[in-house]
Each structure stands twice: as C-alpha cells, then as structure tokens.
Amino acid sequence: MKVVLIGAGNLATNLGKALFRAGHEIVQVYSRTEVSASALADVLHCSHTTNLKEVVKCADVFIISVKDDVLASVASALHEGREGQLFVHTAGSMPMDLLPFERRGVFYPMQTFSKNKEVDFSVIPCFIEAKKEDDLQCLKTLALTISDTVYELDSENRKYLHLSAVFCCNFANHCFSLGADLLKKHGNIPFNVMLPLIDETASKLYSMSPQEAQTGPAVRWDTNVMDKHLQLLAEEPEMQKIYELMSKSIHEEK
Ligand SMILES: NC(=O)c1ccc[n+]([C@@H]2O[C@H](COP(=O)([O-])OP(=O)(O)OC[C@H]3O[C@@H](n4cnc5c(N)ncnc54)[C@H](OP(=O)(O)O)[C@@H]3O)[C@@H](O)[C@H]2O)c1
C-alpha cells in the first residue's frame, strides 16, 4: 500500500520501518522540524516535508502520529484537498471522531516506543477502528502485514485499554523507579540486581493471571512485615501513602 506518515517521532519511526520492511511504499514523511522529517525519510527512502500544505493529496492511507495535543489541529489543516482520503491516527486515548475526514480510523499499536529502540512489531497487538467497513478491512490487511495480532476496538473501549496500559506500563515502571531510589540510598546497590525478579514477575503472566501470580506481605496480609516497611518509609510520606494504598488494593482484590 502507499502510505503517508504525518509525524516522525517515536511511534511513526517504528511503524514506518515495520511497514517499509513489510513491502509497503512510504510515499512521504511530514514532521514539524527538518531534522525529524529528513531523518525518517532517509531511512524509508522517500520524500519529506515540514509544510502541511505540501503533503501529497493522494495515498492509500495517511497515518497521523503527532503529539496528542496538536492532533486535531494538524488533522484539520490537512482536510482541504484530501477530503476523500483515508486518515487514521495512532493515539490510544483519542476518539476516532476527532478526525474531520469522512473516511477516518485509528491504528493503535499498543507498545512503548522510542525512536532509537528497535522493536519486533510482529508481537505487538494492533487495535484498529474505522468509520467505514471497507476502510476497516483495509486497515486490517495493513496491520496483519506487520503484526500477528490485530483487534477491532471502538473509541469508547480503547480509552480503557489505554488506561490499563498506563497501569501496566507507566505505573509499574514508576514502582521500578521508586525501588531503584531505595537501593541507591541504602547501600548503593545497583538496580540490575532486580532485573531477574522483574523478568520473572512479567514472565509468570504468560501462564497465570496477575491475581494468581501475586506474592508478598500484602497478599498474605502479614501486618508485622508491612508495619516495619511503613516505619522504614517514615522519611518518605509519599511512598508511605503509595505503599498503604497498593497493599490495601492487593489485599482487597483477593
Ligand atoms: N511513543 C509511544 O510509546 C506511543 C505508543 C502508542 C501510541 N502513541 C501515540 O502516537 C502518537 C505520537 O507519539 P510519539 O511518542 O511518537 O510522539 P513524539 O515522539 O513526541 O513525536 C511527535 C511528532 O509530533 C510532531 N510535533 C510535535 N509538536 C508539534 C506541533 N506543535 N505541531 C506539529 N507537529 C508537532 C513532532 O515533530 P518534530 O519531531 O519535528 O518536532 C513529531 O513528528 C501520539 O498520538 C501517541 O499517543 C505513542
């Protein structure tokens, strides 16, 4: 398929490379700055622009992958002259109907992407949505060329998928960060001592539910251990609050 990428950030870079490797033609890359646009266009062997007015008028699909707070304005700037084209965005938390196009959709690969970190796209679930049935089938065909798992999901439910991803990725990562701080302050222990534990915690989830996999003082409700932990956090009132809230939540989900 002929694809235009509007955006050249973390997601567009990884998605563009995966589509290119799967044999699709990336016709053009737009980004706000020359440095981002040209860097991705070079890798994808295509032209680039930093001017929305110069974006080509016709392609099989236009993928908008920009900062969420400029998504609506970028989409609206592209509307004139491209009314009959299929436009999708890649944001988990944004509704499809934010796009002003008759042929609109969403192409949301659920992973944490960084520009300079290669990912295996085949294992990333892609969540798609489209206003028109033909376009949904087109997005499904496109997604299946790069990913083994493609789901149809509407905007309302995708909001909760995104919320779940915040808990599973961002909040879990914040706990790693809090754990790393404790190790540094008390004994200057390198964080990589935790990596086998973190790997096993994630790996258990391939064969059991998170509830089944849970261990530790909160699930056993060992109050003597939990009280000691809270005392150790006497100088860290925010962490104490998190510890209490998390422990209660773990205990109550049993
Ligand atoms: N990264 C992820 O892990 C991830 C995962 C799933 C979904 N998403 C979604 O993918 C989309 C892009 O996220 P990202 O992480 O790839 O973002 P990003 O790396 O910050 O890239 C954002 C893109 O938006 C452009 N941009 C920034 N400010 C702009 C402005 N004022 N006007 C026009 N363009 C502007 C940037 O241009 P310049 O670089 O030229 O400044 C860049 O091309 C978002 O909708 C996000 O929710 C991201």
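Predicted model: local features only at pLDDT ≥ 70, side-chain atom pairs only at ≥ 80, totals over all residues.
Residues are numbered from 1 along each chain as its sequence is written. Local features need pLDDT of at least 70 and side-chain atom pairs count only at pLDDT 80 or more, while totals for chains, interfaces and linings use all residues.

The chain is divided into domain 1 (2-153) and domain 2 (158-252), with bounds from an automatic or database domain assignment. Their centres, taken over C-alpha atoms, are separated by 35 Å. Eight residues of domain 1 are in contact with six of domain 2 (C-beta atoms, placed from the backbone, within 7 Å). The domain 1 side of this contact has five nonpolar, three polar and no charged residues. Nonpolar covers Ala, Val, Leu, Ile, Met, Phe, Trp, Tyr, Cys and Pro; charged covers Asp, Glu, Lys and Arg; the others, Gly among them, are polar.

Helices H1 (residues 10-21) and H2 (residues 34-44) are DSSP runs (H or I, at least four residues), numbered from the N terminus. They pack at about 15°, axes 10 Å apart. Axes are lines fitted to C-alpha atoms over the stretch in contact, and angles run from 0 to 180 degrees between N-to-C directions. The helices are therefore roughly parallel (under 35 degrees). Ala12, Thr13, Gly16, Lys17 and Phe20 of H1 meet Leu40, Val43 and Leu44 of H2. This contact has five nonpolar, two polar and one charged residues.

Around the ligand are 21 residues (C-beta atom, placed from the backbone, within 6 Å). Gly9, Thr33, Ser36, Val66 and Ala91 come nearest. H1 gives the largest share of the shell, three residues. Eight shell residues are nonpolar, ten polar and three charged.

How values were computed: Helix = DSSP H or I, 4+ residues; strand = E, 2+ residues; numbered from the N terminus. Parallel < 35°, antiparallel > 145°, perpendicular 65-115°, else oblique. Contact = placed C-beta atoms within 7 Å.
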